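Work through the exercises below with the predicted model open beside you. Each task is followed by a solution that goes step by step.

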Amino acid sequence: MQKSTDFENQSEINRVKVLSEALPYIQKFAGRKIVVKYGGAAMKDSNLKDKVIRDIVLLSCVGIRPIVVHGGGPEINSWLGKLGIEPQFKDGLRVTDAPTMEVVEMVLVGKVNKEIVSLINQAGGRAVGLCGKDANLIKARPEGREGIGFVGEVSNVKIDILQSLVDDGYIPVVSSVAADEKGQAYNINADTVAGEIAAAMDAEKLILLTDTAGILEDYHNPDTLIVKLDIQEARQLIEKGIVSGGMIPKVNCCVRSLAQGVRAAHILDGRVPHSLLQEIFTDSGVGSMIVSSLGLNNF
């Protein structure tokens, strides 16, 4: 004879509550596109990686249309080391000379991208790997600063291939390598690529998985998390120096995507298991959400 314990009953009740709370969000976002920038600890930790992959597949299964954009800095550094190339950085950007660019493309397009595609497919999704070169998805241009080599910016996004894949129920996985008009390959910041794709695809949300809790008033204190803010407030935080360092380009990326029509941008702690689902499907969320105006009904 099997008997349920109080703990098991409570666990089942909590699960039902979560599903019930998720319903209006599933209904609201069904058929909508959500761009997820995948990186940081969530990509390095195998346990976290498994949870993120399963979350992305779950989004697809409930009718949401996820698009994944990824970088792969640690993996690039590892392979540069194996090949005897010393990684170099300037103003927070990877100095990308010709040998480094060759490694960046090999690692991001040939290894990291295909690993993510394989994991999504193993979890029951249908993923297709792309880089900016495929079907002229992204046209690059030089970032412009001296001494950084083939570091690029997004010049143009041509969404045809993404739209076709999304319409057919596939999960596009995009690595942040693209070429200019002459075919020269460029390494582009993955946050930037995610933001530009979100804008071009008229996405409901842009979600950046990071190694921080979100936007903090005091970066030493996780309890100072700013849960929701608008574009104007985000810009003021940068001006005041509250948002600084590596968070500045992330916030600017969110602001730019919102200005181009994305409904909401989120900065989440990818180290928290299932943070992606918590932010999308629960009332409280777990990170920082930036919207164009707080007067709008965003959730």
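**Exercise 1.** Determine in which sense β7 pairs with strand β10, and over how many bridges.

*Solution.* Begin with the residue ranges, where β10 covers residues 185–188 and β7 covers residues 151–157. The two strands pair in the parallel sense over 2 bridges, and V151 stands opposite N187 in β10.

**Exercise 2.** Compare the reach of helix α3 with its expected span, and then examine what lies at its two ends.

*Solution.* Helix α3 comprises 16 residues, 46–61, and at 1.5 Å a residue a span of 22 Å is expected; from first C-alpha to last the helix reaches 23 Å, which is close to that value. After the helix comes G63, whose phi is positive, near 100°. Along the helix itself, the buried residues include the charged K49, K51 and D55, as well as L48, V52 and I53.

**Exercise 3.** Which helix gives the largest share of the lining of the second largest pocket?

*Solution.* This pocket has a volume of about 300 Å³, and its lining includes R15, L58 and F281. Both α1 (6–29) and α10 (275–281) supply at least two lining residues each, but the largest share, 5 residues, comes from α1. By class, the lining divides into 7 nonpolar residues, 1 polar and 1 charged.

Definitions and conventions
Residues numbered from 1 in each chain as written. Predicted model: local features only at pLDDT ≥ 70, side-chain atom pairs only at ≥ 80, totals over all residues. Heavy atoms only, no water. Helix = DSSP H or I, 4+ residues; strand = E, 2+ residues; numbered from the N terminus. Expected span 1.5 Å × (residues − 1). Buried < 20%, exposed > 50% of the residue type's maximum accessible area, 1.4 Å probe, protein only. Polar contact = N/O pair within 3.5 Å; in protein donor to acceptor, adjacent residues only side chain to side chain. Pairing = 2+ DSSP bridges. 1 Å grid on protein atoms, 1.4 Å probe; cavity = no way out; pocket = protein on both sides within 12 Å on 5 of 7 lines; lining within 4 Å. Points joined across faces, edges and corners; volume = space filled by probe spheres on them.
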